[in-house]
Amino acid sequence: MTTGSRQYSEDLATLRINVTTMGDLLLSAADRHPDKLALVFPESRHTYAELAARALRRARSLQALGVKPRDHVGILMHTCPEFVELYFAIAMCGAVIVPINARYKAAEIGYVIENADLVTVLTTAAIAEQVDFVERLESALPGLVTQPDPKRVALAAAPRLRSVVRFGAGERAGFVSEAAFDAAADTVPEIAVHETRLGVRVRDVALMLYTSGTTANPKGCLITHEAQVRNSITLGRHRYRLTEADSLWSPLPMFHIAAVLPMLAIFDVGGTYLTMGYFDPGVALRMLEEHKVTATYPSFVTIMQGLIYHPDFASRDLTHIRLMNSNFAVQPPGVAEPIMKAMPGAVQVGSFGMTEASGTVSTGSPSEPESQRITRLGRPLPGLEVRVIDPTGADQPLGTRGEVLVRGYSLFEGYYRDAEKTAQALDADGWFHTGDIGSLDAAGTILFHGRIKDMLKVGGENVAAAEIESQLQRHPAVKLAQVVGIPDSKYEEVPAAFVELQPGQTATPEELIDFCRREIASFKVPRQVRFVTEWPMSSSKIQKFRLRTALIEELGLSA
């Protein structure tokens, strides 16, 4: 089944295609709203004029370091004002922004620096969540600290790399200091940045985001200015109906698409973007109340649960929130009710998307009935198409599950340096094969049923991990459950569950197994249950392959 523009709730005749580069999106907002707050952190506030001026100066420093159009520049920092300034500065230079996951260990950082062909890495001396980025870079790049000229490094592990800039006080061997980086801006006139900026095309690659899946090494998704900016504008203006009066909060880290997308959406309309260096639910609730935030983009289960289980949740005034990307359709039981009670005037919507589509494929609309918005993931954004197919490639009927395919302007250009994976993901007709299991209803809205690789094969029977997870999460002691398949000599594969318990609750593995056995077929019942207090995460998603690998090693099984 294919969804087309006929199903959209927008008046398509009134919609116009608006697109620009990321750098010009910020500058245009600063032209219109120079004194308006653009960016708010718990500890600082920045107007559009200030943010644009800082970005331009950072761009001058980058050009002084030799950054040219189409060069790849990495940012390894926690979310902070400098990250946002550098993000737009790289775009103004016509270079490619490569945010590096701040949770990566040294080997993963080294892989990205080499795989992405980075010419410069921008990092910070600040310690964020016990992570020392400088030490990790020194481990990832052997020989960095002995380089005679930090502006012209030569390392076998990263042949393209020319420099690593360290923001913060003082100096460190092998790194360009913040003072030297800032002073270098004085050697490049601002007009040089504008000359470069005006040569950037909207179809140039602007962003390379590394996305993790079921394999060890992440893949670099190449995203153009047009793809990202149009997706953000369409979401913000036409689906969320944001205006300059709105303030939008997103706690997602800047190396994640779910931070880039809403930031550009709110900057496009001249509103205010609120974020934080790391997610602290108490600080988040205070920001939401103090700044009278009108739109929120929490998206993921770990963040939603962090809010509702915080002791301050019930006492905070959240009634000014008018729109929330809550994704109740895919949240565990017990999440929706307290949120809706605390925000009675908020329009709750769900979204379906991925990095390869620049963020959002579909999302709910304020014009849809609430029952649909909280149980579905919305219609595709105008200009995007969705199909649901069976294993032969034939379209599935309404209500029938299959793989979700996406086509349209917001798709990525491919995976960097990986033609094989690109060819597997993007077919000859331009459809991106998402690997997600979904279905479409009569209204053209999407239901999500899990990942194809989250399908277990138990004695020849297909079993969706999501089905078992849903059953476990009905138990009153369970906060979150994740199910993987582990090898079995008789059935080939059997389910195993990882469970995080509610605060103050207890349960035994046997109790949870019995709870499942009463409600689902025996072949779906987990054979193993392990309790966890901390999940292995990518930027926002639980990495099931790490759970599976650890359990296989513990049990001494052959993978």
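These questions and answers walk through helices, strands and side-chain pairs in a predicted model.

Residues are numbered from 1 along each chain as its sequence is written, and side-chain values use heavy atoms, without hydrogens or water. Because the model is predicted, local features need pLDDT of at least 70 and side-chain atom pairs count only at pLDDT 80 or more, while totals for chains, interfaces and linings use all residues.

Q: Which residues of helix H4 are buried?
A: Helices are DSSP runs of H or I with at least four residues, strands are runs of E with at least two, and both are numbered from the N terminus. Buried means under 20% relative accessible area, exposed means over 50%, and partly exposed lies in between (1.4 Å probe, protein chains only). In H4, residues 106-115, the buried ones are Ala106, Ile109, Gly110, Val112, Ile113 and Asn115.

Q: Which elements do the buried residues of H4 pack against?
A: Contact means heavy atoms within 4.5 Å. The partners of H4 are strand E4 (72-76), strand E6 (118-124), helix H5 (133-140) and strand E11 (205-211).

Q: Which residue in E20 stands opposite Thr363?
A: Strand E19 covers residues 362-363 and pairs with E20 over 2 bridges. Opposite Thr363 stands Arg379.

Q: How many residues apart in sequence are the parts that Glu85 and Arg54 tie together?
A: A salt bridge puts a side-chain nitrogen of Lys or Arg within 4 Å of a carboxyl oxygen of Asp or Glu. Glu85 and Arg54 meet in one at 3.7 Å, N to O. Glu85 lies in helix H3 (residues 81-92) and Arg54 in helix H2 (residues 48-64), so the separation is 31 residues.

Q: Is Lys544 buried or exposed?
A: Lys544 forms a salt bridge with Glu469 at 2.5 Å, N to O. The pair links helix H17 (residues 544-555) to helix H15 (residues 465-472), 75 residues apart. Glu469 has 10% relative accessibility and counts as buried. At 13%, Lys544 also counts as buried.

Q: Which strand holds Gln482?
A: Gln482 is buried, because its relative accessibility is 12%. Beyond its neighbours within four places in sequence, its contacts include Glu469, Trp535 and Lys544. Gln482 lies in strand E27.

Q: Why is the pair of Tyr48 and Phe267 edge-to-face?
A: Rings of Phe, Tyr and Trp (its six-membered ring) pair if their centres lie within 6.5 Å; planes under 30 degrees apart are stacked, over 60 edge-to-face, and the rest tilted. Tyr48 is buried at 0% relative accessible area, and Phe267 is buried at 0%. Their ring centres are 5.4 Å apart, and the pair is edge-to-face because the planes stand at 70°.

Q: Which residues do ring pairs link into a cluster with Tyr48?
A: The structure holds 8 aromatic pairs. One cluster joins Tyr48 to Tyr87, Phe88, Phe267 and Tyr273.

Q: Which ring does the charged end of Arg230 sit over?
A: A charge sits over a ring if NZ of Lys or CZ of Arg is within 6 Å of the ring centre and within 35 degrees of the ring normal. Arg230 also belongs to a salt-bridge network with Arg203, Glu226 and Glu413. At 4.0 Å from the ring centre, the charged end of Arg230 sits over Tyr409.

Methods
Pairing = 2+ DSSP bridges.
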